[in-house]
Amino acid sequence: MVMPITYYLAVSCALFAIGVVGVLIRRNAIIIFMCIEMMLNAVNLALIAFSDYYKAIDGQMFVFFVMVVAAAEVAVGLALIYVIFRNKGTVYVDELNIMKW
Amino acid sequence: MSIDIPSISLTNIGPLITLSVAGLLLLLVDAFSIKGVKKGHFHQIALTAVLIALVQTVWLWDRQGADFSRMIYVDNFSFYFYVVFLIGTGISVALSIRYMEEYHKSCGEYYALMLFAAVGMMLLAAGGNLVTIFLGVEVLSIPIYILSGMFREEAKSNEAALKYLLLGGFSSAFLLFGMAMLYGGTGTMYLADLAKVIKSGGMNPLTYLGLGLLVVGFGFKVSLVPFHMWTPDVYEGAPTSITAFMSVGTKAAAFAAFLRVFMEVFPSVRMDWDMLLWVVAVATMTIGNVTALAQTNIKRMLAYSSIAHAGYILVGLVAGNQLGGIGILYYLLAYTLMNLGAFGVVILVSRKKDSCLNIYDYSGVGFQYPGMALLMSVFMFSLVGMPPTAGFIGKFYIFSAAVEAGYIWLVIIGVLNSLISVYYYLRIIVIMYMYPAEADLGPVPLNATMTTTLVFSAIAVLAIGIFPNSIYNLALSSVKILGI
Amino acid sequence: MLIDYLPILVYLVIALGVAVGMVALSEALGKKTHTAVKDLPYECGMIPSGDARSRYSVKFFVIAMFFLVFDIEAIFLYPWAVIYRALGLFGLIEMGIFILVLAVGLAYVWGKGALQWE
Amino acid sequence: MNLPLLVGVLVVKTLIVFVVFLTTIAYVVLMERKVLGFLQFRYGPNRVGPWGLLQPLADAIKLIFKEDFTPPSANKVLFVLAPMIVGLTAFLPLAAIPFADKILPDQITIYGQTLDLTVASLNRGVIADVNIGILYIFAVAGMAVYGAVIGGWASNNKYSLLGGLRLSAQMISYELALGLSIIGVLMLAGSLSLVKIVEAQKDMWFIVYQPLGFILFLTAAFAECARTPFDLIECENELVAGYQTEYSSMKWGLLMMGEYGHVVIASALTTTLYLGGWYGPYLPPVVWFLLKTFAVIFFFIWVRGTFPRFRFDQLMYLGWKVMLPLALVNILITGVAMLYF
Amino acid sequence: MNFPILSILILLPMVGVALIMMLNRENQWLIKGTAMAFALLEFIISLPLWFGFDGGSAAMQFVERYSWFPAYGISYYIGIDGISLLLVLLTTFITPICVLACWEDIQSKVKEFMICLLFLQTGMIGVFVSLDLFLFYIFWEIMLIPMYLLIGVWGNPARRIYAAVKFFIFTMVGSLLMLVAILVLYFYNYKVTGVYTFDLLKMYGLQIPFMMQFWMFLAFGLAFAIKVPMFPVHTWLPDAHTEAPTVGSVILAAVLLKMGTYGFLRFNMPMFPDAAWYFVPLFSILAVIGIVYGALVSLVQVDLKRLVAFSSVSHLGFVMLGLFTYTMAGVQGGIIQMINHGLSTGALFLIVGMVYERRHTRMIADFGGLSKVMPVYATIFMVVTLSSIGLPGLNGFVGEYLILLGAFKTNKVFAIFAASGVIFAAAYMLWMFQRVMFGTITNEKNRNLKDLSMREVVVLLPILVFIVWIGVYPNTFLDKTKASTANFVAMMEKAKATKVAVADVMVKGDQR
C-alpha cells in the first residue's frame, strides 16, 4: 500500500492553491488567516510526503517547526484581530482603510 | 536506538544566547518588577545586552565552519550581519526610549521583542539549513508583527500590524512552499548539499518552482516589487521606532539569507534567475522611487524609498560577483545607519505622539534646530548617495559590481533612479532650510541617549563613507565564505 | 505500517454508525409537537432577553491563545521524551533550556495578570 | 493476505469490544447512582430488575422514545452534529487502549484459510496497536471540546453558550497539564505506543516512579471529563445544565454517553499509563484490566460524592498556576532521576 | 615636493568650517571675520603654487599621493599642471572677494552662509586638483551641496527653490552617468592592464575601442556640458544665476562653470581622443549655437542678472569652441578665456549685486542715469563691460582673439559665426550699459543712491587689476599654461595621426 508521491503533492498543491485563492479573494481577516494556515499545512503535507519519499527525517522535523511557527502566528494573529474587532467593530479588511492598501 | 549527539559549542551562538537571555530577563523584570530595576530603565538592559553581544561577535570573528549539525554557519558572513543587526537594534532601542515614554509604555516586552527579533535576524543570516532560515524568518517576523501593533488603542497601529501579519504570513507560506519544493527536488535541506545536488545537474521542475517561490518569499520580506504592497502601510502605521527597526533589520536579515541562498545554492544556474532578478530590480527601483515622489507623509516616503533601496541592493545580487556581495554587505550597513538616523530625526521632530509626520511639518527646522537639521541632511544626502557619505560608497560598490558583471543598462537605470530619489530626499532638505517656519516649533525634548545615538550614526555614516577601506575588508572576508 | 491503522478505520465506521444511528433512531421514533413557549430558549421560565450569541469575556480568547502556544510547545516534548534514554544528559540540558523558556513565558503571563480570571 | 477475511475478523473483534464498552458505559451510570446512594446512605435505583440491574436498559428505551426536540432558534445542523461529536470523541480513544496481552493465537484457520493474526495486532487485546497510540488518544479526545462549543453555540441559549465556553476553557487549560503530566511516563517507557507502555510496567507500575505525574494526570483527567469537582459547565445551580440545556431524547443520551465514556476512557488510560495495565498475578489479563479500571471509576464516583465544586477562577488558577508548573517540574525531576538513579 | 600645499588648500576651509560652527551665531562680525581670515589665508597659501610652478614642464606638479582605498585602487592623488594652476588660483582669489562682497548683503543665517562658502571652496579646489577619478567624482558631487544650499536658502525668495532643485538635478543627471562611465572605464582598464586603478594619468595611455570611447565621451561629456553649460542643457543656468544671491552667482560664474570646460580638457579629450576628434563638429556647432544664442537672448533680457547669465552661455561657447580646435592657440585661448570669464562675469555679478542691494531691483527699466549719481561705480562698470565685450587691451580680447585664431585654422565657418558673437556681445553689453548708466534719471529713487563704499571698491579693485593685467601682458599667464597645453595638443595630434594611419591602412587594404 504505497502511494506514489505525486498524489500527496497534488493534494498539497491543491490545498496550497486553495489557500492562496482564499487569501486573495476573501475579505474577512479571520478567514484570510485560516487560509494562510491552510497554506502552511499544505506545505506540511508536502514535507512529510517528501520525507517519506527520501526516507529521511528532515521533512518531518521541519513540520514540527512549521507547526510551532503556525501556532505562534495564530496566537499573534487572533490577538490582533480581536483587538481590531474591539476597536473598530469589524474584521473585514476592506474596512480597515485608514491608510491606503 | 543510538543517537549521535552532535558536539555543539554554545559559544558559537553566543550573541544569540545573550540576546535571548536578555529578552527573557526583560520579560521577567517587567512582569514582577524586581527591586532595583525601575520600570523606565528597560532599555538599559537591552542596550547592555546588545553591547555584550557585539563584544561576543567581535570575539568570534574569523571563526569558520558550522555548528549544530551544520544547521548554523559560524563564519564571518554571519558575524558581519550580526554586527549590522546589533548596531541596528542598538540604535533602534535608543531611539525608542522617548517614544515609549511619550506613550507611557515603558514596557519590558517592547524591548524584549526587539531583542527576539534581532535573534531571528541573526538566525536568518547564519542559517545553514532551510529549517534554520525559515525559523529565522519567523522569529524575526512574529515579534515585529506584535511590535507594529504595539499601540493597541491606535487604529493605524492595529491596521499596520494586521496587514503586516496577513501579508507576512502569506509570504512565509510561499517561502515555506518553496523550501518544501527544494527539499522535494533534491532530498536535502542543507544549503551546502543543495548546492552540490544542483551543481551536478539536479535542477528539475520542483527545484525551479522552489527557486521561484523563494524569490517570492524573500521578495516579500525585503519588499521587492511586486511584493511591496504592504510596506508603505505598515511603515506608516507602526510606531516610528519600530518602522525604523524593521526597515533596516528585516531588510538586512532577509537580504543576508537571500544572498546566502542564491550565492551558495544557485550559482550554477545563474542563467535561470539573473534575468528575473534583473527585471525585479528595475521594477523595484523605479516604482519605489517614482511612488516616493508623490508622498507627503514622511514615513510613507521613507517606506517607498526603502523599496527603492531594496532595488539597488538587488542590483548587487544580480551582479552576483564578489564585488556585488561586498556591495550588498556594505550597503546594508550604510543603510542601517542612515535610515535609522533619518527615522531618529523623524521621531525627534514628531514631538507629540505621531504628529508632525507631514513633510511640511519640517518647515523651518533647519534654522531653529540646526543640529537636528544637519543630522537629517547628512542622512538624506547619504540616502541620495552623495559623496562622501556611506550611501555613496554603497551605491558605488553595487553599481561598480554590476558594471563589472556587464549589466551596464541596469546600472544606468539605477543611477537614473538615484536621480529621481534626489528629488524627494532633497525636498526634505528644501523644506527644512528653505521654507519659513510656520510657527514656533516649540522645544524638542531631547534625550541624551537619543542625541548621542543620532550623532554617532551621522559620524559613522560620514566615517565609513570617507574611509570605507576597513568595512570593505570586513565585507570581503565575509563574502569570501560564499565562494564568490 | 498503514495496515496498523485499518482497525481504527473499522472502529471509526462502527462508532460513527452507532452515534448517528442513535440520533436517527430517536429522531424517527419520538413524536414531535411544537408550542410557542416550548420553542423559546430555556431561561428558567423567563422570557429570554437579548441575543444569546452576544460577545463574551476576552478571557476565553486569552486562554485559548495561551493554550495554543503552550500546547504546541508541549508537543515538542513528546518525541524528546520517547528517546530521552538515548539522549541522556545532553537531552536533559537541551530540554531544560526549552522548558526554562516555556516557564519564563508562563511566568510573564502570570506576572502580567493574564491568568487572573477576575 | 486475505483482506476481506481479515476485515471480517477485525469487525467481529471490534464489535465485541465496542459492545462491551457501551455496556460498561451504561453500567457505569448505574454504578454511579448506586455508589452515590451508598455514600449518602440511601438506595440507588433498585426497581428495574434485581438490584436495579436493568435500569440502564430502561433508561435507553425511555430516551429513544422521548420527543426529539430541536429548538427552532437553534442552528439545526450544528445542533445535531454536536452530540455526535461528543459521542464519537468518547468512543474513539478506546481503539488504542490495550486491555489484555494476547487474546488470540497468532494464526487461525477459518473456512480452510489460514489467517496471520499478527497483522494489525489482531491477536492482541487491543483494537489497534498503533505506534503513536497516546497521540491518537489525545488527538481524538481533544476534539471533544468542539462538541461542547458547537452544542453550546448552536443551542442559542445563554446557559448553553456559557457552559460551552466554560467547558472549552476548562478543557484546553487542563489538556496542557494532562499532556505534560504523562511525559514522565513516556520518558520511562520510551514509546508512544500504549502496548509498549504497559509492557514497560511489567516489573513495576509507573505510579511508583511517577507519583506526582499520577496525581496531576488524575486531576487533569477529572477536569477533562468535567467531573466533580470540576463540573462547572453543568453546575445546575448556575447554568441549569450547561451546554446540554436544550438537548433532549437520544441527543442528550449521546451527550451523557459521551460524558461517561470519557470517564471510562480516562480510567482505562490511568490504568494503562500508571497502574500496570493488564498485568497482575493469577487472574487473566482482561480481568485485571477491568478490575483496575473499575477501581479508578469507583474513585471518580467517590470523589463526586465527597468533594465540593470549584469556582471557575479557582479552576483556572489550579490549572495554569499549579498544575502546569508542577507538570514541568515533574518532567525535570524525571529527567534527572532517570540519569542518576 | 615635501610641503603638502594642495592638501592644505583642500583642508583649510574645512578647518574654517569647523571653527565657525563653534562660534556663537549672534556674533556676526566674528563669523565674517573668521571666514575672511580663512579665505585670505587660503589665498596666501596658494600663492607659492604660482611661484613654485615650473611652467616649462607639462608634468603634474605638487603631486601628493596616498593610498586611500587600496583594495579598489583608489588613492588620494592630487597635483596640478598649468591648466589647473590657474583655476586653483582663480578659486582662491575669488573666495575672499566673495566673503568681502557679502559682508553686508547677507544678513540672516550668516553662520551657515559662511560655512557653505568655505565648504564650497574645498569642493572646488578638490575638483581642480584631483588626479584620481574617484576622488574627482567625490569632490565634484560634494561641491553641489553647498552651492545648492546657497541658491536655495539665500536666493531670491520667489523662485529660489525651483532654481536650486533644478540646478541640483541637472548636475546630478550628468554626474551620475559620469559615474557609470567611470566605472566602465575602471573595469575596462582592469581588463586590459590587470590593475585596479582610478589613476587619471594611467587612463590617458589606455587604448579604448572606438565605440566605447563614443559612449564614454558622451557620458562624461554630458556631465561637463551641463556644467559648462552648453547649448541644449544650459537652461538651469539662467535660473540658478538669477535666483542665487550675488555671491552665489559670482562663484557659480567664476568657478563652477569652469569645471565643465576643465572637465572636457582634463578628462574627456585626453582619455577618449578618437571620440574627441569624432565629436568636434557636433560640439563645435553646439558651442557656436551657444555663442550666438546666448548673445541673442541676452539682447532681449530685461533683468540685469539674467542678461549677465545668458552672456555666460555665450562666453563659455567661446571657451568650448577654443578647446575643440585642439590647436595651441585655441586651447590656450580657451584656458585664458576661462579665467577671463571668471573675472569679468564675476565682477559683473558683483556690480549688479551692488546696485541691487541699493535698489532691490534688477530690472534694467528701473534704472537710467546712474553714472551721474555713482561715478565710481560707473567707471568700474564701464571697465568690466568693456572687458566682457573683448576690447583690446583688456582681458577679454586676448582670450577671444586666441580662440578665433584657433578656430580659423580649423574651421572658418565656425569662426565666422563665433565672431558674430563678439559683435552681438558688444551690442547687448553696451546697450545695457547705456540704458542703466546714461540718460536722465527717470526714477526718483535713483537720485539719492550712494556711490560705492570703500569696501565695495576693495572688492572690485583686485579684479580690475587682473582684467587689465591679462589684457596688457597675457604672457604672464600663458607661459604657465604653455607646456601643459602643448602636451595636450600633442596628445590630440598623436591620436589624430594614429587614426589617420589606421584609416590609411584600411583604405589601402580596400584597394588591394
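Residues 30-50 of chain A are 100% helix and 0% strand, with end C-alpha atoms 30 Å apart; helices here are DSSP runs of H or I with at least four residues, strands are runs of E with at least two, and both are numbered from the N terminus. This is a predicted model, in which local features need pLDDT of at least 70 and side-chain atom pairs count only at pLDDT 80 or more, while totals for chains, interfaces and linings use all residues.

UniProt positions follow the numbering used here, feature names are shortened, and annotations may be inferred rather than shown by experiment. Residues 6-25 of chain A are also 100% helix and 0% strand, and their end C-alpha atoms are 28 Å apart.

For chain C, the unreviewed UniProt entry gives the annotation "transmembrane region" to residues 6-25, 60-81 and 87-110. Residues 60-81 of chain C are 100% helix and 0% strand, with 31 Å between the end C-alpha atoms. Residues 87-110 of chain C are likewise 100% helix and 0% strand, and here the end C-alpha atoms lie 32 Å apart.

Chain C has four helices and zero strands, so its elements read α-α-α-α from the N terminus on. Of its 118 residues, 42% count as buried, where buried means under 20% relative accessible area, exposed means over 50%, and partly exposed is in between (1.4 Å probe, protein chains only).

Chains C and D both contribute to a nonpolar surface patch made of Leu89(C), Ile93(C), Ile97(C), Val101(C), Val336(D), Tyr340(D) and Phe341(D), with about 740 Å² of accessible area together. Helix 4 (84-111) of chain C and helix 14 (312-340) of chain D are the elements that give two or more residues to the patch. The largest share, four residues, comes from helix 4 of chain C. Val336(D) sits in helix 14 of chain D and is partly exposed, because its relative accessible area is 39%.

Patches are made of residues with over 30% relative accessible area and no salt bridge, with like charges joined within 9 Å and nonpolar side chains (Val, Leu, Ile, Met, Phe, Trp, Tyr) within 5 Å. A salt bridge is a side-chain nitrogen of Lys or Arg within 4 Å of a carboxyl oxygen of Asp or Glu. Accessible areas come from the Shrake-Rupley method with a 1.4 Å probe, and for residues only the protein chains shown count as cover.

## Rings and charges

Over all chains, the structure holds 112 aromatic pairs (rings of Phe, Tyr and Trp, the last by its six-membered ring, with centres within 6.5 Å; planes under 30 degrees apart are stacked, over 60 edge-to-face, and the rest tilted). Phe93(E) and Phe466(E) make an edge-to-face pair, because their ring centres are 4.9 Å apart and their planes stand at 70°. This pair links distant parts of the chain, 373 residues apart: Phe93(E) belongs to helix 3 (residues 82-101) and Phe466(E) to helix 20 (residues 454-472) of chain E. Phe93(E) counts as buried at 10% relative accessibility, whereas Phe466(E) is partly exposed at 22%.

Charges sit over rings too, meaning that NZ of Lys or CZ of Arg is within 6 Å of the ring centre and within 35 degrees of the ring normal. In chain B, Arg270(B) lies over the face of Trp273(B), 5.0 Å from the ring centre. In chain E, the charged end of Arg65(E) is over the ring of Tyr77(E), 4.1 Å from its centre.

## A covered helix and some backbone details

Helix 6 (residues 144-154) of chain E is mostly covered, with eleven of its eleven residues buried. Among them are Pro146(E), Tyr148(E), Gly152(E) and Trp154(E).

Two cis peptide bonds are worth a look. Val225(B) to Pro226(B) is cis, with omega near 5°, and Pro226(B) lies in the loop between helix 8 (205-221) and helix 9 (230-237) of chain B. Val228(E) and Pro229(E) are also joined by a cis bond, with omega about -5°; Pro229(E) is in the loop between helix 9 (210-227) and helix 10 (236-243) of chain E.

Lys55(A), a residue other than glycine, has a positive phi near 50°. Lys55(A) is in the loop between helix 2 (29-54) and helix 3 (58-88) of chain A, and counts as exposed at 68% relative accessibility.

Technical notes: Residues numbered from 1 in each chain as written. Chains lettered and ligands numbered in written order. Heavy atoms only, no water.
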